[in-house]
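Welcome! Below are a few exercises, each followed by a solution that goes step by step.

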Amino acid sequence: SRPARGSTGKMAAPMGRGSCGPEPGAAPYGNFPNYSRFHPPEGRVSLLPQGLLRSLFPAATRPLLGLDVGCNSGELSVALYQHLVGLQEGDPSPEPPGAGKELNLLCCDIDPELIRRAQQSSPFPASISFASLDIMDSGAREPFLSSYLQRFGRSSFDIGFCMSVTMWIHLNHGDRGLLEFLALLASLCTFLLVEPQPWRCYRAAARRLRRLGRGDFEHFRSLRINGDMAESVTRILTQECAMELVCSFGSTSWDRSLLLFKSTGA
């Protein structure tokens, strides 16, 4: 597989416990070409309880809609889908009849090459859609998401996933961009599962970029939202975005919190 934009062509090495990222060069949007090798999906999925969807939506009579922002090449999206609908890893393909009756998942990423890989390897094409989209480009985002939601006669998603994406939005779009991004997700999703990167990962990402002579992330040194990022993301969503923290599912082996929020208007 070819490296993502902005990479030096080195392949991502497996990561040790507590690491912030690989040394594959700089992937300025987090679009590493072999991300799931160093942060495997089961590290997150194993923290989520069985039957989570049924407990969140006990009275659901229609297919639930999910949105996964920054899905990379889709391995985690597929693992989340399997876990949420109660499929075991390795269940035979093609997907079981009627699987989409329980959950339809829209997954987007800024990198079209990673999306092509996700589309080619997806075992659930009827239930999981992959699309290349810059979620911060409102001109592209709004018609695309509206079109998808209208297919189901819906105006919002039941559940959203934002897994190790907040840092890249923050570094590339600044404090204002992070606030806009979280407000957008809160407006789009009834429930939102967020895995924020800790601040030390910001420093590691900036260091990688500088090491390649690429300068610094434009906003890195001016970020006023810093320090404990799980706490900051929680404060923003609960105080400014009309959401409440429902549950913290603990931390992955690489020290990232999995936080579930619910819209207080829901």
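**Exercise 1: The sheet**

Task: Find out how strand S1 is joined to strand S2, and then place the strands in their sheet.

Solution. Step 1: S1 covers residues 64-69 and S2 covers residues 103-109; the two run parallel and are joined by six bridges. Here strands are DSSP runs of E with at least two residues, helices are runs of H or I with at least four residues, and both are numbered from the N terminus. Two strands pair if DSSP finds at least two bridges between them.

Step 1: Look at leucine 67, and you will find leucine 106 of S2 opposite.

Step 2: Read the order of the open sheet, S3-S2-S1-S4-S5-S7-S6, which has seven strands and mixed pairing. S3 (128-132) and S6 (243-251) stand at the edges with a single partner strand each, so one side of each has no neighbour in the sheet. From one strand to the next, the twist averages 15 degrees.

A word on the source: this is a predicted model, in which local features need pLDDT of at least 70 and side-chain atom pairs count only at pLDDT 80 or more, while totals for chains, interfaces and linings use all residues. Residues are numbered from 1 along each chain as its sequence is written, and side-chain values use heavy atoms, leaving out hydrogens and water.

**Exercise 2: Helix H8**

Task: Describe helix H8, residues 199-211, and what its buried residues pack against.

Solution. Step 1: H8 has 13 residues and reaches 19 Å from its first C-alpha to its last, close to the expected 18 Å (1.5 Å times one less than the number of residues).

Step 1: Among its buried residues are Trp199, Tyr202 and Leu209 (buried: under 20% relative accessible area; exposed: over 50%; partly exposed: in between; 1.4 Å probe, protein chains only).

Step 2: The buried residues of H8 pack against H7 and helix H9 (229-240), where contact means heavy atoms within 4.5 Å.

Step 3: Just after H8 comes glycine 213, with a positive phi of about 75 degrees.

**Exercise 3: Salt bridges**

Task: Which residue forms a salt bridge with glutamate 142?

Solution. Step 1: The partner is arginine 141, and the closest N and O atoms are 3.3 Å apart (a salt bridge is a side-chain nitrogen of Lys or Arg within 4 Å of a carboxyl oxygen of Asp or Glu).

Step 1: Glutamate 142 is partly exposed, at 47% relative accessibility, whereas arginine 141 is buried, at 12%.

Step 2: Now turn to aspartate 158 and arginine 154, whose side chains meet in a salt bridge at 2.9 Å, N to O; both residues are buried.

Terms used. Axes are lines fitted to C-alpha atoms, for helices over the stretch in contact, and angles run from 0 to 180 degrees between N-to-C directions.
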